[in-house]
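Hi,

Here is the structure I promised to pass on to you. Have a look at it first, and then read my notes below.

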Amino acid sequence: MFGLEALDLARMQFAFTISFHILFPAITIGLASYLAVLEGLWLKTHNDTYRDLYHFWSKIFAVNFGMGVVSGLVMAYQFGTNWSRFSDFAGSVTGPLLTYEVLTAFFLEAGFLGVMLFGWNKVGRKLHFFATVMVAIGTLISTFWILASNSWMQTPQGFEIVNGQVIPTDWLAVIFNPSFPYRLMHMATAAFVATAFFVGSSAAWHLLRGKDNPAIRTMLSMAMWMALIVAPIQAVIGDFHGLNTLKHQPAKIAAIEGHWENIGDEPTPLILFGWPDMKAEKTRFAVEIPYLGSLILTHSLDKQVPALKEFPPEDRPNSTIVFWSFRIMVGLGFLMIFTGLWSLWLRKRDKLYTSRPFLYLALWMGPSGLIAILAGWFTTEIGRQPWVVYGLMRTADASSNHSFMQMSITLILFVVVYFALFGAGLGYMMRLVRKGPKIDEGKETSDGGPGKKRTPARPLSAADDDDADSDHSLTKEI
């Protein structure tokens with residue numbers, strides 16, 4: 001059907017489920033660190049605004065964390081059900097790395113998550129802060145192991161192949177493979193940037209609706225400081241990541257650039273826009289800037305970038321997709337940097353919280369970080385094709401022996417269940433965002449007793465109907 005095979009459906013299913021899953025850990029990583037900063041500032045300054053923001057975002061964090069765990073379980077099962085040959089070939093590397101993630105990161109998060117979410121009025125302030133910090137550290141450790149596993153698939157080393165299976169010979173080489181440091185920094189920074197724009201967009205929504213208080217202003221201020229500082233850093237990390245990819249995966253870079261062939265000794269131009277045609281082996285409608293490709297990709301005006309025609313057709317990634325996914329990521333990155341700079345300009349003129357054009361930009365930039373993460377992930381994973389383990393195992397050789405009908409049914413079921421389940425979860429989370437932080441919602445109460453009311457922090461308490469006026473979408477006003 002439509003020229004698709006069971007392998008194509010298995011890839012689509014994995015791409016669909018991981019596209020959902022990657023969004024939740026990204027926000028979890030950023031929000032966990034944000035909550036640790038908020039509680040630390042409250043303990044240091046005794047400013048109740050930070051406490052109120054902590055309780056507001058801890059509810060959203062709890063919902064997001066739960067959806068991340070559920071979607072992550074599905075990813076683990078797919079390695080055994082749809083990609084059993086890959087698991088048989090490389091499971092001795094990927095299996096232990098994912099086990100280390102569970103033993104270190106997940107157990108750390110699970111051990112302190114209950115204290116963090118439900119222990120506000122039950123444990124001491126310092127112990128509660130320690131629990132929050134441990135959860136934040138746990139999310140980063142989880143990122144470490146997941147990226148170690150995926151990076152090994154991109155740039156494998158520290159192994160030997162015995163009887164058709166990968167056998168680790170040097171675990172430090174396996175973990176700290178050539179692309180791992182760059183990909184770890186790039187992903188962790190992306191999570192912080194995405195969270196900053198999510199928080200900033202939430203604040204902009206409330207300010208545009210006339211809800212102006214210290215908590216909302218603090219949300220926007222902290223988010224824009226993060227965008228101003230971290231977005232340019234992300235661009236620098238991305239440059240180093242690109243140099244590393246050029247060295248170890250030159251075909252991926254050629255596909256990203258839509259660069260088909262070098263002419264003599266001429267430097268490589270940068271193709272801003274165009275349409276790479278895999279069959280015709282050329283990029284149609286190309287808009288080029290001479291020399292710039294060599295300058296950006298090799299930091300030289302005379303070195304050439306490898307071209308797609310230098311690789312056999314069966315070893316070429318799909319340039320049509322990665323060419324545009326990469327440009328979406330980079331374009332959003334530049335827009336994030338612009339937003340941060342504009343916020344600084346307005347801050348100096350005391351107009352950060354009142355400039356409606358800027359607030360509308362901040363509002364619409366809310367999902368930009370998550371979209372950029374997805375675009376970057378597509379670039380990384382599709383650019384690795386046709387290899388599941390680069391240079392060692394092709395994707396076509398990694399899938400289980402399922403029929404087209406079996407893959408069609410499971411893909412349809414995944415689409416229906418995911419949109420129903422996670423759609424409801426996202427809708428609930430956005431309802432909490434629209435509700436906004438309550439002043440004094442984290443105020444400590446009595447220890448209870450006969451005739452006394454006890455109100456512990458409840459991160460999963462529903463958004464009340466008495467705030468129904470906040471449920472009207474701002475898009476209706478626009």
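**Aromatic rings**

Trp-57 counts as buried, at 0% relative accessibility (buried means under 20% relative accessible area, exposed over 50%, partly exposed in between, with a 1.4 Å probe and protein chains only). Before going on, please note that this is a predicted model, where local features need pLDDT of at least 70, side-chain atom pairs count only at pLDDT 80 or more, and totals for chains, interfaces and linings use all residues. Residues are numbered from 1 along each chain as its sequence is written, and side-chain values use heavy atoms, with hydrogens and water left out.

Phe-56 is buried too, with a relative accessible area of 4%. Rings of Phe, Tyr and Trp (its six-membered ring) pair if their centres lie within 6.5 Å; planes under 30 degrees apart count as stacked, over 60 as edge-to-face and the rest as tilted. By this rule there are 29 aromatic pairs. One of them joins Phe-56 and Trp-57: the ring centres are 4.9 Å apart and the planes at 70°, so this pair is edge-to-face.

Trp-342 and Phe-358 also form an edge-to-face pair, with 5.4 Å centre to centre and 80° between the planes. Here Trp-342 is partly exposed, at 21% relative accessible area, while Phe-358 is buried, at 0%.

Ring pairs also link Phe-16, Phe-20, Phe-24, Phe-414, Tyr-418, Phe-419 and Phe-422 into a cluster.

**Charges over rings**

A charge sits over a ring if NZ of Lys or CZ of Arg is within 6 Å of the ring centre and within 35 degrees of the ring normal. Arg-327 lies over the face of Phe-323, 3.6 Å from the ring centre, and Arg-394 over that of Trp-387, at 4.3 Å.

Happy exploring!
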